[in-house]
Amino acid sequence: MDLNFPAEENESLCVKEEEIIALKEHTECSTKVPEEKESAECEDREMELDKKEEATENEVKNGDFMKRASKRKSLQLAKEKIGKLNEEVYEWERPKRGPWRKRKGVENEDTCDESVEEVKTGLAEIPKRRGRKPRKESVEEEVERDKNEGAVEKTGGGRYSCRTSMEAGDESVEEVKAGLVKIPKRRGRKPRKDVVEEQVERDNNEGGIEQSGGRGRLSRKANVDKLDSAGKEERNTCHQCKRNDKGRVVRCTKCDSKRFCVPCMTRWYPQMPEDAFVEACPVCRNNCNCKSCLQLDGPIRHLKLELEYADKVKMEHSKYMLRMLLPFLKQFHEEQLAEKEIEANIQGIPISEIKPQKSNCDSVERIYCDNCKTSIVDFHRSCPRCSYDLCITCCHELRKGRLRGGDKEVIVEYIRRDLSYLHNDSYKIAEESKNTTPIKNEPSSKEVEVVKSEWRATERGIIPCPPQLLGGCGEGILELKCIFSENWVSNLLSRARNFESLSENYEEGSCLKCDKFRKAASRKDSRDNFLYCPKAKEIQNEEMKHFQWHWSKGEPVIVSDVLETTLGLSWEPMVMWRAFRQKRKKGSEVLVDVTAINCLDWCEVDINACKFFKGYSEGRFDSYSWPQILKLKDWPPSNLFKERLPRHDAEFIRCLPFKDYTDPNCGYLNLATKLTDKSLKPDMGPKTYIAYGVSQELGRGDSVTKLHCDMSDAVNVLVHAHAVTLEPEQLVAIEKRQKKHAEQDERELRGNNKQILNGNDGKQQISENELPEFNLLNSSALVSSPEGGALWDIFRREDVPKLEEYVRKHFHEFRHIYGNPLSQVIHPIHDQTVYLTMEHKRKLKEEYGIEPWTFVQKLGDAVIIPAGCPHQVRNLKSCIKVAVDFVSPENVKECLRLTEEFRVLPQNHRAKEDKLEVKKMALHAIEQAVNCLEQISRPN
């Protein structure tokens, strides 16, 4: 042990020497007193001082000061070394502290007394000495030596601690009491006095602090507040925020263990009254949205999300499916027979001897036609040299000399314009970039057209491989190949025909006595102005026939209050964001920024997720006081929806109506579920659509989904809506800016000899009372309804030709990217570049006599849209919608029609690629239906 004098002991010795010198000087001064009595007293004092001086010198010589100093020093060193030793040996027993935790210490001298008492009892922690960690062996040796000297002692559990007896450290304790030893202060910035006082006052009012002993100090309440009647500790920690200093909590009487504070109940469960918490807390209801519960799969593990069907139900569904899909199978087989006849003519052998070569393709691969980009299901022709593939449809068109599907790419140029142009504030146009789609360095279209016209089939039907300019090698001959086994389709057709008479006896539903309708149109001499609209909880088994009756006619269906069938998990955006952020794999990045679309110029912007969701609730405005409407499409990505949001995914699946059709996993009448496990399945969802919205129709920058047509059926559920109220001064600024927009539209659209957007070529504006009857459905009373969330317009299939003709006629009146007026239209609907305002719908009614089904989607409404029905949506509030696609047997024919329309689009069109593969779905669905009927009808 080091026996050198510590610095503090040297200072104490110097102090004693200074006292001796001072006493000597005082003695010299006292000799000047003339009186004898005073002289005698001074002599006595002098003698006493001499004795003290001699005693002090003797103590120094004998080493008494050295011994006490060494003893105190060794005690301090022993405390530090034993603390390190215990930390090494028993580190697993201590809770780990994060980097944000501050080391406990004494703030000021007022609390020294209590700290000394804690030092005496061994409760206070001695601050660790920084520096290199000593070797374990040396620490143990020094501790053993200190133990022999009596500075440490052994406690329970094999741990060592400093002795607190009079023998080990009375002198050091006395010096602590006297203030000679300084207690280390806690590091960190001292908070401002006013902030601390405000926080203490607020916590005191909420009951979150209490009076503690020792000079009137305040402290946070501990977890244990009181004892219940049984004598058990009763905690006050909120299950949601894991804090116990936010005031009053409400305890659940069902589980008798969970508590929720009032702020958390108000913030995270606004629709749930306090009495409901007392009856059963969110944990008991399986809809808790705290961070911990959002990561658990326990609340959804007990849910029976998989559908189970009895044999009778399977047989009914199989007969219905076979009845709907048998015409497609017959047509598909006829196309293959025609190609086999041509191949027999080419080879000069009977058709019965034609055996197409099996294509070298894995089941997880997806083969596309190199000309039209359509998926290949079975028969096709391929080049043995370069593997150029051509579908049967293209082969048939090539032999007739009118090959389509390989149209050249179309480059649409847009002038990049700034915000001042969009609001008609100035006429600055940035000419840096005139197109958003880069022009590829490819051969000229004329050269491609010449080469394409020279590619022809021979008189016998032989198709050579196309030239390299078209993607082939120009040397080989395309050979007939197949993907399924030989005669698989013909055998399936013969098996299906055995049940053809059975499927024709399927009992259809009807719609005679039903009052579950919602008016959506005002067409004259029409019986489809009302849409079928049942409530989710009222759907019974007999409602399936009723639904199929309307669905087979191509009518959309609205099911209300579907969220009432769920557990009640919150769809608030911050809850979804928290669940998305927490539920992730180790090492995966957290997406702090999201990519949104600005509805004013239809360009993508990157924005912080928290800022986006804040604007969702409060609204955002640009520099011109114009509402900034942003929307997220497909967030989180649909392939990650179930992985990142498992509880919300289960909640959505649970609320789906008519699950036989809409369930994406096991719906019996959903053809998308019929693909084999080894097949590459298309992305059917679920998908989320999160967007801002206001009730006013702005004219520019509205929160809309533009007119389009989905290739498959879809169900769209409004799960959350939040109204953003505009202030009067904001409405005045918007009205002024709308006048500026109208002036710009009139000037620019008149230059194109087109009617202006907000009027009828300068004529007096038609009032709302003079509009046709259908516009009453779009009146301000309906749009501003507190229950409304989104305004839908769905067109009938039979009205599509007239709708396309109207858009082709008036396409110059619409603006798209960067606010540019449309310069051309490739396809009026599939381009998804127009939104029909109220004025356009009025003109559509006047010129062509058609109108859509128009209705407002309320919170909890599920809108089921048939394939082939063009539709558009405008959000009246900030909305969160979740949608999933499905393929019903009734609409396979319509899906095939849309596939043919997508097939002839240009190569770079957004809707070009065939990702659905509806033909493959239909074939597998027929096979499963036939297998089911054969198994059930087979005698035991």
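Author: Buried residues make up 45% of the protein's 940 residues, where buried means under 20% relative accessible area, exposed means over 50%, and partly exposed is in between (1.4 Å probe, protein chains only). Before we go in, please keep in mind that this is a predicted model, in which local features need pLDDT of at least 70 and side-chain atom pairs count only at pLDDT 80 or more, while totals for chains, interfaces and linings use all residues. Residues are numbered from 1 along each chain as its sequence is written, and side-chain values use heavy atoms, leaving out hydrogens and water.

Let's start with the nonpolar part. In soluble globular proteins, nonpolar side chains tend to be buried together. Here the largest nonpolar core has 131 residues; such a core is a set of buried Ala, Val, Leu, Ile, Met, Phe, Trp, Tyr and Cys residues joined through side-chain atoms within 4.5 Å. Helix α30, residues 918–937, gives the most to this core, with 9 residues. Helices (H or I, at least four residues) and strands (E, at least two) are DSSP runs, numbered from the N terminus. The members that touch the most others are L329, F547, F612, F652 and I864. Take L329: beyond residues up to four places away in sequence, it touches V489, L492, L493, A496, L923 and I926, with contact meaning heavy atoms within 4.5 Å. Another core, of 18 residues, lies apart from the largest one and includes C383, C395, L403 and L470.

N716 is in strand β21, residues 713–722, and is buried, with a relative accessible area of 9%. Setting aside neighbours within four places in sequence, N716 is in contact with W792, Q857, D861, A862, V863, I865, K881, V882 and A883.

R737 belongs to helix α25, residues 728–751. Its relative accessible area is 17%, so R737 counts as buried. Not counting residues up to four places away in sequence, R737 touches H423, Y624 and W626. With H423, a polar atom of the R737 side chain lies 3.0 Å from the backbone oxygen. The C-alpha atom of R737 is also 9.7 Å from that of L698, 39 residues apart along the chain.

Stepping back to the whole protein, there are 30 helices and 26 strands. Among contacts with a separation of 6 or more, 74% join residues 24 or more positions apart.

Definitions and conventions:
Polar contact = N/O pair within 3.5 Å; in protein donor to acceptor, adjacent residues only side chain to side chain.
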